[in-house]
Amino acid sequence: MSTVQTAGAAGVLERVRGSRLLWPLVALVALIAANAARNPGFLSIRLQDGHLYGSLVDILKNGAPTLLIALGMTLVIATRGIDLSVGAVAAIAGAVTCTTIVGSSDPTSPAAALTGIGLALALCLVLGLWNGFLVSLLGIQPIIATLVLMTAGRGIAMLITDGQIITVRNDFYREIGAGFLLFPISILIALAALVAVALVTRRTALGLLIESVGINPEASRLAGLRSRTIIWTVYVFAALCAGVAGLMISSNVSAADANSAGLWIEMDAILAVVIGGSSLAGGKYSLSGTLVGALIIQTLTTTVYSMGIAPEVTLVFKALVVIAVCLLQAPKVRERFRRRRRSQDPTSPSSPSTSGSLAPEEDSPAPTAHEPAGDAASDSKQKVAQS
Amino acid sequence: MLNKILPVAVSAVALAALTACGSTSGPGAGAAASGGAAGGDAIVMGFSQVGAESGWRTANTKSVQEAAKTAGIELKFSDAQQKQENQIKAIRSYIQQKVDVIAFSPVVETGWDTVLLEAKRANIPVILTDRAVDSEDKTLYKTFLGSDFVTEGKKAGEWLVENSKGESQVNVVELQGTTGAAPAIDRKEGFAEAIKAAPQIKVIASQTGDFTRSGGKQVMEAFLKSNPDIDVVYAHNDDMGLGAIEAIEAAGKVPGKDIKIITIDAVKDGMQALADGKINYIVECSPLLGDQLMDLAKKVIAGETVPERVVTEETTFTQEQAKAALPDRKY
């Protein structure tokens, strides 16, 4: 779909039907189907102690931090930026909260947890301001500007925790990452943020402004847009998302591990955005794409665990799936598939090649592009059989 | 947990450990005496620590510092903050200061030949602690003092064999450490070796949890869904075991009863869980090697022959032992 989308629920639906999001969705369904084929219990969901319990619920719960960070990342990437510091910011948020809780007079009280969370998010706000300051005011390239905090941030987190793993026993805090309101609370928070962003950027002109800044910052400025403020805001938002994700990660295990919390999550988040069809060159972005992208990444991780893929080949397996998904939605590859089909079938009178409208475009690549997806799945099965 | 940073090349450690035990130390042994004899009074030791990445490491540092004090050895301590270049700098400065003995925990396994050769030329004996180096030339250091990860895995396996006698089938899931890290490889190997004795024990799933709590929890969540019959969890460190406890509880089962848990390390949180009955057995991987280090240093300086590989004195804990040991646990 090359035309600019209109906002709202209709737009979301249209985008799902549009080819960009179709293939990531197919990949997600294929992954889940492969799991279900190998282990029929994969799809089953039951009630356990008043909450939902099952592999799919795990995917939602464990995918929430990635989704939230990817949400912030989507907006940053839409402005032609990138934020590498989110993992470090997540580690800092967990570190601040847990040390505050442990240091408070009553480490089990909700008040202690709230104080910690407040402090952590305030600090994340400052860190986001810092990133935004470097990028928008000083004009430092985003990848460099946020690299500063990516390395320094983990050091700050270590400094806060003294290099130790801080364990907390606070039931209130535990709810954020490990708690349930029928559904995992973490995914509810992440989805609420997603919906809020969708409403704010798609119901108002904000989304359009962000995209225009990403497409051409100079032209946007000349057109009267406060591009600096917009850029600054998205970095602050990304840091806040990272902070909340950090709370989820640390709350899930009731401990702050400055060394490993949120390690490489920035890469997962960027990948989620890219799988979702947003371009790293900035401009148009897709929130629903990011949602699907984040779910694919977490499903992939869960697949590795539940299919019993040997740890030595895990990264290769993940890479194969990601490459397959990226290829499937790359315009050039799709174009090539389409051309091959046309040349294979030139005499057919009902061939869609003569028509330039959108509808046949949606139909024609479906059978061809389905093959590589099947390949990837059988590939993984072979791997399993070998291991 | 201790080797989270140890990234690559690994198996050499195990090999070095296995082959080294039998042979006596190489030709360089006698030369060491000249370095120490010069001073006459207190022995001076230069110690370069990896960094302070965990409670384990902090306890390790404290143990070395306290042992030096009791042994009357003057300790020059430096913290490398996980960087090899810092460690090389520290070792060079110890050589310049003409200390009597250098001890260090290498951040990584390779790249030490040059600086260790400098130490050898200056006649300063080197002792490796906790982590090995991967070097062709075994004369570059006197001895390697540290845990034997294979033995740790074996101890864990032996306990399980002992405690599952008479049962028809025991399904084990394994939470491995970081893929490729020495402790992960060796602990897996030792465990597998020990449970060969009992055909009823089967490892039905094995995945890496990266030595972290979240990793352990996520992997265990997936295991619980894909394998309905899990009897035992074997985690390569306490942290992954603690993560597994959370996953088991969320599944409505009782850790330590419905599913038994065996871990390695014995850090404070792990010992607490063991005392609470959530973990069943912990094999210690002790950071408290200070006293052994000082003994070795004295022997090396006195020109005595020391074995090329010295294993840290370590024990194991059952739930009752954990309750007794917990109050004066240092880490």
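**View 1. Helix α5 of chain A and the glycine after it.** α5(A) has 28 residues and spans 39 Å from first to last C-alpha, close to the 40 Å expected at 1.5 Å a residue. The expected span is 1.5 Å times one less than the number of residues. Helices (H or I, at least four residues) and strands (E, at least two) are DSSP runs, numbered from the N terminus. A:G139 follows α5(A) and has a positive phi, near 70°.

The model is predicted: local features need pLDDT of at least 70, side-chain atom pairs count only at pLDDT 80 or more, and totals for chains, interfaces and linings use all residues. Residues are numbered from 1 along each chain as its sequence is written, chains are lettered from A and ligands numbered from 1 in the order in which they are written, and side-chain values use heavy atoms, without hydrogens and water.

**View 2. A nonpolar surface patch on chain A.** A:L137, A:L138, A:I140, A:I143, A:I144 and A:L147 make a patch of about 490 Å². Like charges are joined within 9 Å, nonpolar side chains (Val, Leu, Ile, Met, Phe, Trp, Tyr) within 5 Å. Areas come from the Shrake-Rupley method with a 1.4 Å probe; for residues, only the protein chains shown count as cover. Helix α6 (residues 142-161) gives the most to the patch, with three residues. A:I140 sits in the loop between α5 (110-137) and α6. A:I140 is partly exposed because its relative accessible area is 31%; buried means under 20%, exposed over 50%, partly exposed in between (1.4 Å probe, protein chains only).

**View 3. A:P107 in the loop between α4 (86-103) and α5 of chain A.** With a relative accessible area of 32%, A:P107 is partly exposed. Beyond its neighbours within four places in sequence, A:P107 is in contact (heavy atoms within 4.5 Å) with A:I101, A:V102, A:R169 and A:N170. The C-alpha atoms of A:P107 and A:D171 are 9.9 Å apart, across 64 residues of chain.

**View 4. B:D130 in the loop between β4 (126-129) and β5 (143-146) of chain B.** B:D130 counts as buried because its relative accessibility is 3%. Its side chain makes a polar contact with the side chain of B:R57 (2.8 Å). A polar contact is a pair of N or O atoms within 3.5 Å; within protein, one must be able to donate a hydrogen and the other to accept it, and residues adjacent in sequence count only if both atoms are side-chain atoms. Chain B has twelve helices and twelve strands. Of its 331 residues, 60% count as buried.

Key:
Patch = residues over 30% accessible without salt bridge, like charges linked within 9 Å, V, L, I, M, F, W, Y side chains within 5 Å. Salt bridge = Lys/Arg side-chain N within 4 Å of Asp/Glu carboxyl O.
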